[in-house]
Amino acid sequence: MVYSALPALAFVVANAMGGLAVGIMVALGVAVIIGVERVVRKESVSPALGGVFGVAIAAGVAWWTGSAKDYFLLGIWLSLAGAVLFLGSVAVRRPLAGVIWNSMTGKGQAWREEPRSRFYFDIATVTLALIFAARFAVQQYLYTQDEVGSLGVAKILMGYPLLAVGLLVTAWAVRASDRRLRALGLIETKR
């Protein structure tokens with residue numbers, strides 16, 4: 001959680017102290033240092049590369065437009081896309097929280113055929129959609145107000161803390177769905 005917040009925090013502070021170019025260089029430097037540190041500790045390379053790549057794209061957008069607030073633009077629009085995608089999945093009766101979880105765990109499709117089980121995943125998916133929508137609404141407002149510092153704070157505060165809430169609701173949905181499916185004999189009982 002700290003690793004993902006540091007480049008944005010570094011960008012905001014460095015931008016305020018030295019301008020856009022300094023903010024971009026410092027954010028990229030912090031992302032690279034975090035990536036190298038993860039590799040040295042023999043942790044997975046994917047998050048390290050993903051973090052550097054994400055910061056590089058955000059920095060590139062800000063550099064190209066010449067506006068510090070545009071460092072946050074991609075994340076703002078990805079939040080809107082997430083909200084639409086997650087809500088849309090509920091509308092087509094394939095709630096993404098259930099699709100993703102059951103695909104990752106290999107539990108099959110029994111949950112989709114059982115209305116109450118699917119309802120649990122609807123709740124989890126709508127919760128995640130609301131989190132994405134809240135991120136979009138708050139950050140888009142701050143973006144239109146040119147509040148670069150506040151955008152950085154909002155990105156950090158509305159990042160992992162809200163995601164943790166969404167994951168707790170998803171964990172509840174998983175447990176409730178599994179309990180229901182076991183009671184109906186649609187999945188194996190734990191031994």
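1. In this predicted model, Tyr 120 is buried, its relative accessible area being 14%. The ring centres of Tyr 120 and Trp 172 lie 5.4 Å apart with the planes at 75°, so the pair is edge-to-face. This pair connects distant parts of the chain: Tyr 120 belongs to helix α7 and Trp 172 to helix α9 (residues 160-183), 52 residues apart.

2. The structure contains seven aromatic pairs. Another edge-to-face pair is formed by Trp 111 and Phe 121, with 5.1 Å from centre to centre and 70° between the planes. Trp 111 lies in helix α6 (residues 110-113) and Phe 121 in helix α7, 10 residues apart. Trp 111 is buried at 1% relative accessible area, and Phe 121 is buried at 1% as well.

3. Phe 121 also takes part in the contact between helices α5 and α7, where residues of α5 including Trp 101 and Asn 102 meet Phe 121, Ala 124, Thr 125 and Leu 128. The axes of α5 (residues 96-105) and α7 (residues 115-144) come within 7 Å and cross at roughly 110°, which makes the two helices roughly perpendicular.

4. Helices α2 (residues 20-40) and α3 (residues 45-65) have axes that come within 8 Å and cross at roughly 175°; they are therefore roughly antiparallel. Their contact comprises 17 nonpolar, two polar and one charged residues.

5. Two further aromatic features deserve mention. Phe 11, Tyr 71 and Phe 72 form one aromatic cluster. The charged end of Lys 69 sits over the ring of Tyr 143, 4.3 Å from the ring centre.

Methods: Residues are numbered from 1 along each chain as its sequence is written. This is a predicted model: local features need pLDDT of at least 70, side-chain atom pairs count only at pLDDT 80 or more; totals for chains, interfaces and linings use all residues. Side-chain values use heavy atoms; hydrogens and water are left out. Axes are lines fitted to C-alpha atoms, for helices over the stretch in contact, and angles run from 0 to 180 degrees between N-to-C directions. Helices (H or I, at least four residues) and strands (E, at least two) are DSSP runs, numbered from the N terminus. Angles under 35 degrees count as roughly parallel, over 145 as roughly antiparallel, 65 to 115 as roughly perpendicular and the rest as oblique. Ala, Val, Leu, Ile, Met, Phe, Trp, Tyr, Cys and Pro count as nonpolar, Asp, Glu, Lys and Arg as charged, and the others, Gly among them, as polar. Contact means heavy atoms within 4.5 Å. Rings of Phe, Tyr and Trp (its six-membered ring) pair if their centres lie within 6.5 Å; planes under 30 degrees apart count as stacked, over 60 as edge-to-face and the rest as tilted. Buried means under 20% relative accessible area, exposed over 50%, partly exposed in between (1.4 Å probe, protein chains only). A charge sits over a ring if NZ of Lys or CZ of Arg is within 6 Å of the ring centre and within 35 degrees of the ring normal.
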